[in-house]
Amino acid sequence: RDGGYRGPVVTSFAVCDDPRYFYDMAESICSGMGFVLHGKNGERISPQELLKVEQAKGRGYAISSDEELRMMVEVAQETGIVLDPVYSGKAYCGLVKQIEENPEEWRGDVLFLHTGGMLGMYDKSDDLQGVLAEGPPRSRHLFQDPGAADDE
């Protein structure tokens, strides 16, 4: 973020196309609505300053790796939340990867917005059988702020 905007940024995880596509789409939607983003001092703000797009496509659109399927099973078993293998599962895997690789960038509260997609599970039922047979998941999906222990 090299512009003047210093406010909150939304991180999204692209499961198709590349980040440039989503920045261009955000610009197009805003422009089509006659909406121009301005900062506190009237400077124009680009979508790249408000939105950080991370690539989470993995092996390809709607092609799940064993690790992605395993993570979806873990989340379902640990939390009761079902993620789909096309969209929310890949996005969640991207989020977990980012948190594990860059924990300092994810301190504090993190909100993962699950937008649905359960019908994508039907196509992966055979693939999921092998993952389910592996046994209990490792516990890593109920995140806590690493600094929270210091507050007690």
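Lys52 counts as partly exposed because its relative accessibility is 30%, where partly exposed covers the range between buried (under 20% relative accessible area) and exposed (over 50%), computed with a 1.4 Å probe and protein chains only. The model is predicted, so that local features need pLDDT of at least 70 and side-chain atom pairs count only at pLDDT 80 or more, while totals for chains, interfaces and linings use all residues. Residues are numbered from 1 along each chain as its sequence is written, and side-chain values use heavy atoms, with hydrogens and water left out.

Lys52 forms a salt bridge with Glu105, the closest N and O atoms being 3.7 Å apart; a salt bridge is taken as a side-chain nitrogen of Lys or Arg within 4 Å of a carboxyl oxygen of Asp or Glu. Because Glu105 lies in the loop between H4 and H5 and Lys52 in strand E2, the pair ties together parts that are 53 residues apart in sequence. Glu105 is itself partly exposed, with a relative accessible area of 48%.

In the whole structure, a search finds six salt bridges. One of them joins the side chains of Glu27 and Arg44, with an N to O distance of 2.6 Å. This pair links distant parts of the chain, since Glu27 is in helix H1 and Arg44 in the loop between H1 and H2, 17 residues apart. Glu27 counts as partly exposed at 26% relative accessibility. A further salt bridge, at 3.3 Å from N to O, is formed by the side chains of Arg70 and Glu67. Because these two residues are three residues apart in helix H3, Arg70 and Glu67 are separated by about one helical turn. Arg70 is partly exposed at 25% relative accessibility, and Glu67 is likewise partly exposed, with a relative accessible area of 37%.

The protein chain contains six helices and two strands, which are DSSP runs numbered from the N terminus (helices: H or I, at least four residues; strands: E, at least two). Read along the sequence, these elements follow the pattern β-α-α-β-α-α-α-α. Of the 152 residues of the protein chain, 33% count as buried.

The structure holds three aromatic pairs, a pair being assigned if the ring centres of Phe, Tyr or Trp (its six-membered ring) lie within 6.5 Å, with planes under 30 degrees apart classed as stacked, over 60 as edge-to-face and the rest as tilted. Among them, Tyr61 and Tyr87 form an edge-to-face pair, with 5.9 Å from centre to centre and 65 degrees between the planes. Tyr61 lies in the loop between strand E2 (51-55) and helix H3 (66-79) and Tyr87 in the loop between H3 and helix H4 (88-101), so the pair ties together parts that are 26 residues apart in sequence. Tyr61 is partly exposed, with a relative accessible area of 41%, and Tyr87 counts as partly exposed at 40% relative accessibility. Another of the pairs is formed by Tyr92 and Phe112, whose ring centres are 5.4 Å apart and whose planes stand at 85 degrees, so this pair is edge-to-face. Because Tyr92 lies in helix H4 and Phe112 in the loop between H4 and helix H5 (125-133), the pair ties together parts that are 20 residues apart in sequence. Tyr92 is buried, with a relative accessible area of 8%, whereas Phe112 is partly exposed, with a relative accessible area of 26%.

The largest pocket has a volume of about 780 Å³. On a 1 Å grid over the protein atoms alone, a pocket is an open set of points, where a 1.4 Å probe fits, with protein on both sides within 12 Å along at least five of seven lines, and lining residues have an atom within 4 Å of a point. Of the 24 residues that line the largest pocket, Val10, Thr11, Ser12, Phe13 and Leu111 are the closest to its centre. Strand E1 (10-14), E2 and H4 each supply at least two residues of this lining, and the largest share, five residues, comes from E1.

On the surface, Tyr21, Met25, Ile29, Met33 and Phe35 form a nonpolar patch with about 510 Å² of accessible area together. Such a patch is made of residues with over 30% relative accessible area and no salt bridge, nonpolar side chains (Val, Leu, Ile, Met, Phe, Trp, Tyr) being joined within 5 Å and like charges within 9 Å.

Methods: Accessible areas come from the Shrake-Rupley method with a 1.4 Å probe; for residues, only the protein chains shown count as cover. Grid points are joined across faces, edges and corners, and a volume is the space filled by probe spheres set on the points.
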